[in-house]
Every structure is written in C-alpha cells, then in structure tokens.
Amino acid sequence: MFARIQNWLSTLRHAMTRFFESARNVRLLAYVATLAALGLTIIDINNWQRISAKAVGEIPIEVSSEEFSAALVTSGIEFLVAHIGLLSAFLLPAWIGWIIWRRRTKGQTSAALPAAFFSLAVALTWLPLTYRRGMMEASGSSLGDQPWTGEYLFVIILALLLIFSLPLMCWLYHRSMIIDRYVVKNFLSPFLLAFGGFTAIWIISDMANNAGDFADANVPLTGILKFYGALIPSLTVLILPITLLLALLFALSKMSKANELVSMLSAGMSSTRVLLPLMIIGLYATFVSLVCSFHWAPRAEGAQKAVMEDLIRDAEAKDKKKKRKRDAFLAENQAYINRVDNRQWFVGGLPQNYSRDNKMENILVAEFSPDGKLEKTIVASRAFWDGSNDLWVFFQGRVTEVDEDGRMARPKVFDKKHLEEGWRERPWDLISAGVNPEHLGVPQLSAFLRAHTIYPKRKLAPYKVFFHHRIAMAFTCIVSVLVGAPLGIVYSRRGILGGVAASMIIFFAMLFLSNLFLALGQSAALPPMLAAWATNLLFGTVGAYLLWCRSQNKEIKSPASIIRSLIYAMKNKSSVA
C-alpha cells in the first residue's frame with residue numbers, strides 16, 4: 001500500500017514537472033486563475049450588495065450624509081481589497097509554475113518572489129476585516145473598558161511583519177552558503193516531524209475530553225476544524241520551545257555521529273559559524289512566538305470555552321427538538337465595590353457576546369449612605385449599560401427604598417425598565433477583577449493596569465507579571481537554542497537518544513523554574529519583571545557560557561564534575577583555615 005502511494009506521488013510529481021516545463025502552460029494557468037478570480041468577484045457582488053443594504057438599513061437616521069457616504073466607501077474599499085487578495089491567491093499556482101520553469105530552463109531560482117506574492121495575498125485577504133473588527137473593540141467596547149488602539153495598531157504591525165517575513169527567510173536561504181543550507185535541511189526535518197507530532201498528540205488528548213460533547217451536539221467536521229484552528233496561536237507558543245530544543249539536539253547529534261561536525265570544524269569553521277543558521281532560526285522562532293503570545297494566543301485560550309459552547313449551541317439550534325443553551329459567560333458571580341459612590345454590585349453573569357440584545361443577568365445593586373447605612377437596593381434579572389447616553393437600564397426586577405430608621409418601603413416592581421443616570425460604573429469595571437490575566441494579551445493588560453492604578457499592589461501583581469511574561473515567553477525559543485546548540489556539538493560518535501534525553505531534561509527544568517517564579521511573582525514575593533524574566537536570564541546565561549566554551553574550544557564540564565570541584569575547593573579552604 002505504501003509503495004503504491006509512493007509510486008502515485010512520483011507519477012504526479014513528474015506530470016507536474018512536464019506540465020510546467022512549457023512557458024505556454026504557465027501563462028495558460030495564469031489566465032485561467034485570473035478569469036476564475038474575476039468570476040468569483042462578479043458572483044460575490046450580489047452578496048456584497050445585500051450585506052450593504054442590510055447595513056444601510058441599520059444606520060441611525062441622525063447620521064449625517066458625509067458619515068453615510070464614508071461608510072459606503074469604506075465597505076466598497078474593503079470588498080475590493082479582499083478580492084485583490086483572492087486574485088493573488090488564485091495566481092499563486094502560476095507563480096510556483098513559473099519558478100519551476102525558471103529552474104528547469106535557467107538554473108536555480110529563489111522562492112522569495114512567490115512567497116512574497118503569497119504573503120501579499122494573505123495580507124490583503126486578512127487585514128481589512130481583522131483591522132476593522134479589532135479597532136472597534138480596541139476603541140472602547142460596549143463594556144466601557146479602556147481603549148487600547150495604539151497597542152492594537154502595534155499588534156497589526158507585528159502580524160504584517162510576520163506575514164512578510166516568509167519571503168525574507170526564503171531570500172536568506174537562497175543567498176546562504178551550501179553548508180548553511182545543509183545544516184538547515186538537517187534541522188528542518190526533525191523540527192517539522194516534532195512539531196507535527198506534538199500537535200497531533202495535543203489534539204488527540206483534547207479530543208478525548210471533548211469528543212463526547214461534539215458527538216452529543218452533532219457538531220460538523222467544519223466546526224471541529226474551526227475550534228482547533230482557533231487554538232493554533234496558543235499551541236504554537238506552547239510547543240515551539242521544546243520542538244526547537246528537541247530538533248536541534250537530534251540534528252546535531254546525528255551530524256556528530258556521522259563526524260560531519262568534526263569535518264566542518266577541521267575545515268577551519270568556528271563552532272559559532274557552524275551554529276549561525278540555527279541561531280537565525282531561533283531568532284525567527286522567537287519573533288513568531290512573540291507575535292502569537294502578544295495578543296492572539298491568550299485570546300485563543302480565553303475564548304476556548306466560549307467557542308466550544310458557541311459550536312454546540314449552533315449545532316443544537318438546528319435541531320428544533322432540543323432546547324437552546326444559554327450564551328457562554330465572560331464572567332460569572334462577580335462582586336464589585338464602588339467606594340467612591342458607596343455602591344456594591346453583584347453580577348450573576350456577563351455574556352461573552354455582550355450587547356443590547358445579550359444583556360447581563362441576575363444583578364443586585366446596594367446603595368449606601370456616606371456613613372454606611374443602606375439606602376436602596378435594585379434587583380433585576382437583566383441589565384444593560386447604554387454608553388451613548390451614559391445610562392444604566394434594568395429589566396424585570398424591583399427597587400426597594402430604605403429610610404433613615406432602617407425600615408424598608410414596599411418594593412417597586414418593574415417589568416420593563418428602570419433607569420439610573422450618571423453612575424460611573426461600567427460593565428468592564430464590574431467583571432474586570434474576575435478576569436483571568438492568563439487570558440489577556442499585552443494590549444488588554446496594559447489597558448487594565450492604566451484603568452486600575454488605585455488597586456493595591458498585591459491585587460495588581462498577577463496582571464503585571466503576565467504583562468511581562470507575555471513578552472518573556474517568546475524569548476524562551478532563543479534561550480533553548482543557546483542552551484541546546486553548544487550541547488549538541490560533541491567530538492564523539494554519541495547516540496541520538498542522548499540528545500533527545502538532554503532536551504527533555506532541559507525543557508522540564510525550564511518549565512519547572514518558570515512556573516515557580518510566576519507563582520512567586522503573582523503572590524508579590526518577587527518583582528513582576530524579575531518573576532517573568534528570571535528563567536530566561538538564568539538559562540540564557542548558562543547558554544552564553546556554553547557557547548563561549550565551544551567558541552574557545554574549551555571542555556564543557558558536566559554538572560557532577562562542577563559539584564565535585566566546588567566541594568574540593570571548599571575542603572581546601574577549610575583545611576587552610
């Protein structure tokens with residue numbers, strides 16, 4: 001069976017090569033792709049017109065004609081830009097064919113040009129909608145949280161740099177020396193296998209927990225793919241350091257066993273020069289991890305439960321016999337004390353998709369006098385904050401007044417609305433103290449710290465720790481390379497399993513110390529920045545020392561020999577004294 005599949009793939013590869021040997025076939029593929037993209041654009045115009053008409057119907061009457069025209073122009077520009085990206089995606093096979101034709105007729109050709117074309121297609125297709133949605137959220141959502149537009153613009157810039165870094169890496173690979181490309185090829189094979197293997201193991205273990213929920217709700221395959229696709233950023237941040245370390249020690253151990261590293265060093269190359277391409281890969285992996293952990297990974301972790309419940313709810317909504325589940329809550333059973341205005345709140349649940357149609361549930365508000373006496377209570381089943389009018393609207397509840405003697409008046413029951421004007425509380429204030437800092441990115445953490453400067457130091461410690469940890473986590477990749485690369489260069493025919501075992505020991509030591517320092521930082525026992533960066537500083541210093549020893553051709557001592565040397569030095573010192 002395997003031989004049959006291999007023969008079929010070989011036949012397909014030869015057929016594609018023969019097809020792309022002709023420049024006429026490449027031009028024909030480009031013409032077909034252009035016509036297909038234009039055809040889909042024309043077909044999609046009707047859909048765009050229907051969506052625009054619906055959006056126009058929802059625009060308030062008081063909007064000026066200039067704002068109305070600007071909204072239509074913006075929508076049209078987004079439509080055109082998205083379909084330019086679609087055209088670029090369709091033309092990508094033609095560019096790949098052009099590269100194959102160039103290689104067959106004129107020698108080696110870099111893949112940087114088709115990679116740049118692919119990056120342009122991704123950017124044009126992804127950027128408009130993502131930018132618009134993100135800016136609406138970052139400018140201050142319906143929760144009344146602090147705006148973080150500047151931080152979100154930085155997120156977009158980082159994402160664009162990541163997208164367009166692909167052609168840059170292809171260009172660097174093409175311009176590098178043959179021996180550098182050989183080292184990279186030896187590294188990429190175990191890296192891709194390890195990354196795919198760890199990803200598959202994680203998905204299988206997670207499926208074991210969620211398969212029952214998916215099956216009971218009859219969630220389609222597209223929904224399951226959407227669920228796990230949303231977790232790619234957080235999964236990348238999680239497994240990238242161990243994958244780098246494992247692949248690095250595996251590749252270098254394999255090359256050491258074949259005496260290839262000894263041959264390179266004997267040819268006059270220094271150890272740092274041999275490891276240079278791997279260091280560049282480590283820096284690039286650090287940048288990828290930084291882009292993911294800065295914003296996308298924590299949001300994916302925080303929204304995992306909400307996405308799961310949305311998928312199950314949508315699947316069950318198609319079955320009329322099943323009862324529709326409630327919306328996923330962003331926060332539940334939250335208490336808030338406004339010491340300035342002497343009000344205490346209790347919120348039963350704030351929905352993940354909070355809006356005018358999806359309100360807070362089970363609210364209790366107690367208002368006190370300056371001397372601490374209860375004056376009024378409001379109990380409501382639902383509530384909504386109208387930010388445009390600075391108004392709190394309560395639904396289906398009762399208001400109870402308390403006189404100076406502490407006697408409660410007869411409750412005033414309201415079925416529809418009860419209004420309170422001028423209250424300074426916002427929905428974000430009510431639930432922000434209960435939001436897990438692990439599920440907030442750097443922009444949200446920055447906005448939270450700006451909005452809650454009056455909180456005590458111990459309460460803000462977890463948020464400050466994770467603010468620094470989001471950035472420090474990315475640099476674990478380059479630290480792993482610094483530690484693993486010198487250990488991989490050995491002058492003996494060491495087995496491959498030795499490198500795998502060393503990578504596991506180093507990774508779990510880093511993971512243990514990282515969790516230890518984070519726990520100390522969250523309890524305010526360590527400064528937030530030190531708690532976040534301590535593991536990287538410790539292992540980074542060890543890695544720099546190991547790299548220096550290799551560059552100076554000095555022997556790297558084992559931990560046991562170092563301990564014996566210290567004990568011997570202490571005995572000599574005590575005997576002299």
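Helices H8 and H15 run roughly parallel to each other, because their axes cross at roughly 20 degrees and angles under 35 degrees count as roughly parallel. Please keep in mind that this is a predicted model.

**How H8 and H15 pack**

- H8 covers residues 232-257 and H15 covers residues 476-488, and their axes come within 9 Å.
- The crossing of these two helices is right-handed.
- On the H8 side, the contact is made by Leu-240, Pro-241, Leu-244, Leu-245, Leu-248, Leu-249, Leu-252, Ser-253 and Ser-256.
- Their partners in H15 are Thr-476, Cys-477, Ser-480, Val-481, Gly-484, Ala-485, Leu-487 and Gly-488.
- Sorted by class, the residues of this contact are 11 nonpolar and six polar, with no charged ones.

**The second largest pocket**

- This pocket has a volume of about 670 Å³.
- It is lined by 26 residues, and those closest to its centre are Val-237, Leu-238, His-469, Met-473 and Leu-511.
- H16 gives the largest share of the lining, with seven residues.
- The lining is made up of 14 nonpolar, nine polar and three charged residues.

Definitions and conventions:
Residues numbered from 1 in each chain as written. Predicted model: local features only at pLDDT ≥ 70, side-chain atom pairs only at ≥ 80, totals over all residues. Heavy atoms only, no water. Axes fitted to C-alpha atoms, helices over the stretch in contact; angles between N-to-C directions. Helix = DSSP H or I, 4+ residues; strand = E, 2+ residues; numbered from the N terminus. Parallel < 35°, antiparallel > 145°, perpendicular 65-115°, else oblique. Left-handed = near helix turned anticlockwise from the far one by under 90°. Contact = heavy atoms within 4.5 Å. Nonpolar A, V, L, I, M, F, W, Y, C, P; charged D, E, K, R; others polar. 1 Å grid on protein atoms, 1.4 Å probe; cavity = no way out; pocket = protein on both sides within 12 Å on 5 of 7 lines; lining within 4 Å. Points joined across faces, edges and corners; volume = space filled by probe spheres on them.
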